[in-house]
Amino acid sequence: MNSTVSTGHFFVDPASNPHLAHWQTALDRVRKRVSALPAYRASGRIVRATGLVLEAVGLRVPLGSACRIEVATENGEAKAHFAEAEVVGFTGEKLFLMPLAEISGLIPGARVFPLGHGNRQSARRFPLGKGLLGRVVDGSGNPLDGIELPQDTPQAPLATPPLNPLSRAPITQQIDVGIRAINALLSVGRGQRMGLFAGSGVGKSVLLGMMARFTKADVIVVGLIGERGREVQDFIDNILGAEGLARSVVVAAPADTSPLQRLQGASYATRLAEDFRDQGRDVLLIMDSLTRYAMAQREIALAIGEPPATKGYPASVFAKLPGLVERAGNGSKDGGSITAFYTVLAEGDDQQDPIADSARAILDGHIVLSRSLAESGHYPAIDIEASISRAMTAIVDKEQQRESQRFKQLFSSYQRNRDLISVGAYSPGHDPQLDEAVKRYPALEGFLQQRIDERADIVPARQALSQAIGGDE
C-alpha cells in the first residue's frame with residue numbers, strides 16, 4: 001500500500017511528487033529519533049561536599065553506577081559542562097558519589113544525571129582489544145600518548161561473571177620468565193599468580209621490567225597503580241623498552257589521581273587481560289602495586305564512613321583483594337591464560353603488614369626481595385629462603401625439585417653460620433653439610449645474581465643450578 005501525505009483537503013501520493021517524498025523521509029527520520037528518546041530524564045542535586053565524597057538526593061540508582069555532575073564556568077554561570085562520578089555508597093535517600101577527577105566549579109544544588117536514559121542505568125564501557133597494543137592509557141581507557149584510539153575499538157563494561165573453578169585448566173606448564181633464580185628455584189606455571197613482596201627502593205620495578213621483556217607471553221598488560229608519575233615514563237622507556245611496549249598495554253593511574261581512578265585502573269588492567277585470555281592468548285599481567293589498590297579502597301571506604309578494622313584498613317579492603325586476584329589465572333581447558341605478578345609494598349619491610357599477610361594467603365606463591373641484599377649490591381635481591389612457589393611441584397620434574405631443595409639447604413646452612421664464619425670461629429670437619437656450604441657458597445651466590453640485560457632461559461638455568469650444587473661432579 002502506498003503511503004500518502006495530507007496537504008490541506010487533498011491526499012497526495014508521495015511517489016508522484018519527489019519534493020513531498022523528500023520531506024516525508026525527513027519527517028520519518030525525526031519521528032524515529034524522537035521515539036527513541038526517554039519519556040523523562042531523571043536528575044538529582046548535590047546537597048553536601050566534604051573531602052572526597054559528594055552527597056546527592058533525588059536519585060535512585062544502584063551502587064557502582066556512573067553519574068554526570070553539572071558544574072559551573074569560572075564566572076559562576078551554569079553551562080552544559082559535566083564531571084563524571086560514581087556511586088560508592090548510600091544512606092537512606094542520600095547517595096555518596098566520588099568523582100573520577102578533581103572537580104572545579106561545583107556549586108551547591110548542582111544537578112546530577114545518571115549515565116543512561118530514564119530509569120535504565122547503563123554501565124560505563126571501556127575500550128578493549130588488540131588495537132590497544134603498544135598504547136598507554138589511563139584508568140578510564142583514555143589515551144595518554146596523544147594518539148586517538150581506532151574508531152572500531154570494541155568496548156565492554158569492567159564487570160565480568162566469575163569463572164567456575166571446576167572449568168579452569170590446571171597449572172601444568174612452566175613459563176619462562178628469563179630470571180635464573182625464579183626459573184630454577186621458584187618455577188612459575190602458566191596461569192599462576194605470584195606476589196612480589198618488598199619495601200620501597202629494593203628493585204621491584206626493575207625486576208618486573210626484566211620479566212616483562214624476557215617472559216615468553218603473547219601479550220603483556222601492565223597496571224601502574226598509585227606509583228609516582230615520573231616512574232610511569234621511566235618504566236616505559238628504560239625498563240619496558242620499545243620491544244616490550246610493542247606487545248604490551250600499559251594502564252597508568254598515578255598517585256595524583258583520585259582513589260576511584262586508581263581502583264578503576266587496576267580493574268581495567270585485569271579486564272584487558274581477561275579479554276586477551278578469552279581470545280586464547282597467553283597473557284602476562286603485571287600489577288604495580290596491589291598495596292596501592294588496597295590503599296585506594298581504604299580511602300574510599302573511610303570517606304563514606306566505614307569503620308576501620310585491621311591497622312586502619314576497613315573490612316571491604318580485604319574483600320576487594322581476592323575479587324581482583326581471582327580474575328587472573330587459567331581460563332577454560334584449551335583456552336588462554338593470565339600469569340600474574342602483583343607487587344606488594346611491605347611498609348617498613350614488615351612482612352606481617354595486613355595487606356602483605358592477606359595477599360600471601362590468596363596468591364599462589366611469593367617472591368620476597370631483601371633490603372640487605374640490595375644494599376650489598378646483590379641483584380636481583382631475591383631472598384630465596386623466604387620465597388616459595390606453590391605450583392612448582394606440579395610443573396617441574398623430581399630431579400629439579402631435589403636440586404632446588406639441595407640448593408636451599410646449602411644456602412641456608414651458610415646463612416645460619418655466617419657470623420661464625422666471618423669472625424673465624426668456624427672450623428671444618430664438624431658438620432659435613434656446612435663444610436659443603438662454605439665450599440659452594442661463592443657459586444651459590446653467583447647463581448642468584450643476574451645483570452639487568454642478561455636473560456636466563458629455563459634450560460641454561462637448570463644447568464647452572466646443577467653446577468652450583470656440584471651435581472655435575
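Let me start at P380, which sits in the loop between α9 (371-375) and β23 (388-389). This is a predicted model, and in it the peptide bond from Y379 to P380 is cis, with omega near -10°. There is a cis bond at another place as well: D288 and S289 are joined by one, with omega about 10°. S289 is in the loop that runs between β17 (282-288) and α6 (290-303).

While we are on backbone geometry, look at D334. Its phi is near 65°, which is positive although the residue is not glycine. As a general point, most residues other than glycine have a negative phi, and most peptide bonds are trans. D334 belongs to the loop between β20 (329-330) and β21 (337-345). Is D334 buried or exposed? Its relative accessibility is 86%, so D334 counts as exposed.

Now the overall picture. The protein has 14 helices and 23 strands. Of its 473 residues, 49% are buried. If you take contacts between residues at least 6 apart in sequence, 71% of them join residues at least 24 apart.

The largest nonpolar core has 56 residues, and the members that touch the most others are I182, L185, F341, I367 and F407. Take I182 as one example: beyond its neighbours within four places in sequence, I182 contacts V177, S187, V188, M211, I367 and I382. Apart from this core there is another one, with 52 residues, including A273, Y293, V317 and L321.

N183 is in helix α2 (residues 180-185). N183 has a relative accessible area of 2%, so N183 is buried. Leaving out residues up to four places away in sequence, N183 touches Q174, I175, D176, V177 and G178, and also Q400, A456, D457, I458 and A461.

The other is S316, in helix α7 (residues 315-325). The relative accessibility of S316 is 18%, and the limit for buried is under 20%, so S316 counts as buried. Which residues does S316 contact, leaving aside neighbours within four places in sequence? They are Q297, A301 and E306.

Two packed helices are described by the angle between their axes and the distance between the axes. Helix α13 (residues 432-448) and helix α14 (residues 458-468) pack at about 160°, and their axes are 9 Å apart. Over 145 degrees counts as roughly antiparallel, so that is the term for α13 and α14. The crossing of α13 past α14 is left-handed.

Methods: Residues numbered from 1 in each chain as written. Predicted model: local features only at pLDDT ≥ 70, side-chain atom pairs only at ≥ 80, totals over all residues. Heavy atoms only, no water. Helix = DSSP H or I, 4+ residues; strand = E, 2+ residues; numbered from the N terminus. Buried < 20%, exposed > 50% of the residue type's maximum accessible area, 1.4 Å probe, protein only. Core = buried A, V, L, I, M, F, W, Y, C linked by side-chain atoms within 4.5 Å. Contact = heavy atoms within 4.5 Å. Axes fitted to C-alpha atoms, helices over the stretch in contact; angles between N-to-C directions. Parallel < 35°, antiparallel > 145°, perpendicular 65-115°, else oblique. Left-handed = near helix turned anticlockwise from the far one by under 90°.
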